[in-house]
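Hi,

Here is the model I said I would pass on.

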Amino acid sequence: MKRDYPRIVVPPPGPKARAVVERQNRWASTSYPKEYPLVVARGAGAVVEDVDGNRYLDFMAGIAVASTGYGHPQVVRAVQEAAGRFFHICGSDFYYESFAALCERLAALAPGPSKKRVFLTNSGTEAVEGAIKLARHSTGRPALIAFTGAFHGRTMGGLSLTASKAVQRAGFAPFLPEVYHVPYGYRYRCDFCRGEPACTMRCVSSIEDDLFAKRLDPRDVAAIFVEPIQGEGGYVVPPPGYLKALRELCDRYGILLVCDEVQSGIGRTGRMFACEYEGIEPDILLAAKGLGSGMPIGAIIAKESIMKWQPGAHGSTFGGNPVCCAAALATLDVVERELLPKVAPLGERLLAGAQRLQQKYPPIGEVRGRGLMIGVEFVKDRKTREPAPEIPHELVERAFKRGLLLLGAGKSSLRLAPPLVIDEYDVDTALGIIDACLREMTD
Ligand SMILES: *Cc1c(COP(=O)(O)O)cnc(C)c1O
């Protein structure tokens, strides 16, 4: 079956796109990173149309947000219906059914047998920020551990945990005190396992042997914040048993384990939450990006034994907005009933295709991922593994001009994170375009 996308009618950015880009660049903050001059007019499913009529196949989902794609009828209907009733009353101070229903739903979805409670936020960062407060409040301890390469957002608390790109931190010190960064389980670039025949999980044991032995008393640590798969840091999948080892470490010292699933959650990896693959129960679980299909909503899902701060301790004017709650409930319906079973097989097809490209193109050093969260890392030389950041950069540019939306991650990786509504045709189309771009680049 022939489809009407990707379709480039004017080389992007076309004249209408250029006008918007110029205007936005004139008036908007200079801090926005900006990837490429995509100017969106509308979207449907996994296809985005720009203001000049170009149609793109989207393999970045607005940074892993458009879980149900663009304009999913069930989500649109829920949003329209909720918007027609009331926009706002403030869920921190009053009540409405969708707020109660979403808290109940997320509490039930979070892995593990413990009873849970839920705090609703406007964003991923706000969920991280709340989790920092909750962890300190419930343990009475000050210190926080996070990982090199981590991204936990950009407000001062979240930013203090973030360590994926120095530009994100430059000029903003002083950060939150008592934050300690340790190496992530990044097998491809592991300092501990270099020269070892297999992973020894030294990245976890060194927290005890090095950090706790020499620099930080574990009884001062409130929480370890971890992404089950690092997102912004490069779509990095840690070794099997990694989360379990962190869970055990936390249990030995009464430290809370916070899984930041802002990017990896809501079905992206083929399970509702990525930490389910290791069968662990986090003390606090954070969701946002894919939760509302693009409507701004996030959640802190915590064990009931932990989320017992007193009334007034934390709140949010807009968090859990009724229109966003409706979007989230509809999204969860669609993801659970319709999309989740398809994510793993589609992910396997995408991963296998990326691995075939790896065999063909020496600059692809590693392909990794789970479900529709797949990273492709580029190197100058497979032996030295020297990063080659210019390759994903150029690839993303070329793919854009051919009608495929991609996004880089980490220092020299490409992230593949399409809306979960794609099908086999889309997977093959995306792989074909990436192949064509790489062929041009390596000729
Ligand atoms: C994007 C992201 C955040 C920040 O979310 P915002 O909604 O941009 O505030 C936090 N943690 C992770 C893992 C993320 O990917």
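A word on naming before anything else: helices (H or I, at least four residues) and strands (E, at least two) are DSSP runs, numbered from the N terminus. This is a predicted model, so local features need pLDDT of at least 70 and side-chain atom pairs count only at pLDDT 80 or more, while totals for chains, interfaces and linings use all residues. Residues are numbered from 1 along each chain as its sequence is written, and side-chain values use heavy atoms, with hydrogens and water left out.

Let me start with Cys90, which sits in the loop between α3 (73-85) and α4 (97-109). Its phi is near 85°, a positive value in a residue other than glycine. Cys90 is also buried, at a relative accessible area of 8%; buried here means under 20% relative accessible area, exposed over 50%, and partly exposed in between (1.4 Å probe, protein chains only).

Tyr235 is another non-glycine residue with a positive phi, about 50° in this case. You will find Tyr235 in the loop between β7 (221-226) and α8, and it counts as buried, with 0% relative accessibility.

There are cis peptide bonds to check too. One runs from Tyr5 to Pro6, with omega near -15°, and Pro6 belongs to the segment before α1 (15-27). Another joins Pro12 and Pro13, with omega about -5°; Pro13 also has its place in the segment before α1.

The ligand site

Which residues are around the ligand? They are Ser123, Gly124, Thr125, Phe151, His152, Gly153, Glu227, Asp260, Val262, Gln263 and Lys289, where a residue is taken as near if one of its heavy atoms lies within 4 Å of the molecule. Sorted by class, that shell holds 2 nonpolar, 6 polar and 3 charged residues. For the classes, Ala, Val, Leu, Ile, Met, Phe, Trp, Tyr, Cys and Pro count as nonpolar, Asp, Glu, Lys and Arg as charged, and the others, Gly among them, as polar.

As for polar contacts (a pair of N or O atoms within 3.5 Å; within protein, one must be able to donate a hydrogen and the other to accept it, and residues adjacent in sequence count only if both atoms are side-chain atoms), here are some to look at. A ligand oxygen is 2.4 Å from an N or O atom in the side chain of Thr125. A polar backbone atom of Gly124 is 2.9 Å from an oxygen atom of the ligand, and for an N or O atom in the side chain of Gln263 the distance to a ligand oxygen is 2.8 Å. The protein covers 81% of the 380 Å² of accessible area that the ligand has on its own (Shrake-Rupley method, 1.4 Å probe; for residues, only the protein chains shown count as cover).

Strands

β12 (residues 373-378) has 6 of its 6 residues buried, so it is largely enclosed by the rest of the structure. Met373, Gly375 and Glu377 point one way from β12, and Ile374, Val376 and Phe378 point the other way.

What does β12 pair with (pairing needs at least two DSSP bridges between the strands)? β11 (residues 364-370) runs antiparallel to β12, joined by 6 bridges, and Val367 has Val376 as its bridge partner. The hairpin of these strands has 2 residues between them, and Gly371 there takes a positive phi near 55°. β12 also pairs with β15 (residues 413-416), in the antiparallel sense over 4 bridges, with Glu377 opposite Ser413.

Elsewhere, β9 (residues 284-287) is joined to β8 by 3 bridges and the two run parallel, with Leu285 as the bridge partner of Cys259. β9 also pairs with β10 (residues 298-303) in the antiparallel sense over 4 bridges, and there Leu285 stands opposite Ile301.

Helix α11

The 19 residues of α11 (residues 424-442) should span 27 Å at 1.5 Å a residue, and the end C-alpha atoms are 27 Å apart, which agrees; the expected span is 1.5 Å times one less than the number of residues. At the start of α11, a side-chain oxygen of Asp423 comes to within 3.2 Å of the backbone nitrogen of Tyr425. The buried residues of α11 include Val427, Leu431, Ile434 and Leu438.

Cheers

Definitions and conventions. Pairing = 2+ DSSP bridges.
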